[in-house]
Amino acid sequence: MTELTTAQLNQFKQQLERRQARLREDIRADLLAVDEQPYSELAGLVRDSGEAAVADWLADLNITLIDRQVQKLGRIERALLRIKTGRYDICGDCGGEIGVERLGSYPEAERCVVCQAQRERVFAHQSTPSL
């Protein structure tokens, strides 16, 4: 198993911290935007059932987008914790190496490519929220 160098770990940590800060700001801004235009205001502009459906869809879309951002923030925070505990490049499923190339393209990766592919096959039948 090839261990990451201190320089590589620091680079990943800085990259994750930048993403974390940017994502927190995005979530904060999106939540403020939702507060500034409450659902009751959207619904107050409704003239027919079609417009009501659009108002419902817009409200749901905002919540779904914020939820996705929060989930990504959680993955980033878990990656930072793994860096702190010395387990950043270790697959959470098999205990093998995640690999520098995978971490380089997806720094918050929790699994190696093989385990991630297997997980996607196993859980492919489950429905996921869609926009």
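## An aromatic pair

The partners are phenylalanine 12 and tyrosine 88, whose ring centres are 5.5 Å apart and whose planes meet at 50 degrees, so the pair is tilted. Phenylalanine 12 sits in helix 1 (residues 6-36), while tyrosine 88 belongs to the loop between helix 3 (49-85) and helix 4 (100-105), so the pair ties together parts that are 76 residues apart in sequence. Both phenylalanine 12 and tyrosine 88 are buried; buried stands for under 20% relative accessible area, exposed for over 50%, and partly exposed for what is in between (1.4 Å probe, protein chains only).

This is a predicted model, in which local features need pLDDT of at least 70 and side-chain atom pairs count only at pLDDT 80 or more, while totals for chains, interfaces and linings use all residues. Residues are numbered from 1 along each chain as its sequence is written, and side-chain values use heavy atoms, with hydrogens and water left out.

## The overall fold

Stepping back, the chain has five helices and zero strands. Read from the N terminus, its elements run α-α-α-α-α. Helices (H or I, at least four residues) and strands (E, at least two) are DSSP runs, numbered from the N terminus.

How many of the contacts with a separation of 6 or more come from residues 24 or more positions apart? The share is 63%, with a contact meaning heavy atoms within 4.5 Å. Of the 131 residues in the chain, 27% count as buried. The chain exposes about 9,100 Å², and carbon and sulfur atoms supply 52% of that area; accessible areas come from the Shrake-Rupley method with a 1.4 Å probe, and for residues only the protein chains shown count as cover.

## The nonpolar core

In soluble globular proteins, nonpolar side chains tend to be buried together. Here the largest nonpolar core holds 17 residues, and Phe12, Leu16, Ile83, Tyr88 and Leu103 touch the most other members. Such a core is a set of buried Ala, Val, Leu, Ile, Met, Phe, Trp, Tyr and Cys residues joined through side-chain atoms within 4.5 Å. Helix 1 and helix 3 are the elements that give two or more residues to this core, and helix 3 gives the most, with five residues.

Leaving aside residues up to four places away in sequence, leucine 103 touches Leu4, Phe12, Tyr88, Asp89, Ile98 and Ala109.

## Salt bridges

Side chains of opposite charge can pair when their charged atoms come close. The model has six salt bridges, each being a side-chain nitrogen of Lys or Arg within 4 Å of a carboxyl oxygen of Asp or Glu. One of them joins glutamate 77 and arginine 24 (2.8 Å, N to O). Glutamate 77 lies in helix 3 and arginine 24 in helix 1, so this pair ties together parts 53 residues apart in sequence. Glutamate 77 is partly exposed at 33% relative accessible area, and arginine 24 is partly exposed at 39%.

Aspartate 93 pairs with arginine 111, with the closest N and O atoms 3.1 Å apart. Aspartate 93 is in the loop between helix 3 and helix 4, and arginine 111 in the loop between helix 4 and helix 5 (113-122), so the pair ties together parts that are 18 residues apart in sequence. Aspartate 93 is partly exposed at 47% relative accessibility, whereas arginine 111 is buried at 14%. Salt bridges with shared partners also join Arg19, Lys72 and Glu108 into one network.

## The cysteines

A disulfide is a covalent bond between the sulfur atoms of two cysteines. How many disulfides does the model have? The count is zero, with a disulfide taken as a pair of cysteine sulfur atoms within 2.5 Å. For cysteine 94, the nearest cysteine sulfur belongs to cysteine 115, 3.7 Å away. The sulfur of cysteine 112 also has that of cysteine 115 as its closest cysteine sulfur, at 3.6 Å, too far for a bond.

Definitions and conventions
Phe/Tyr/Trp six-rings, centres within 6.5 Å; stacked < 30°, edge-to-face > 60°.
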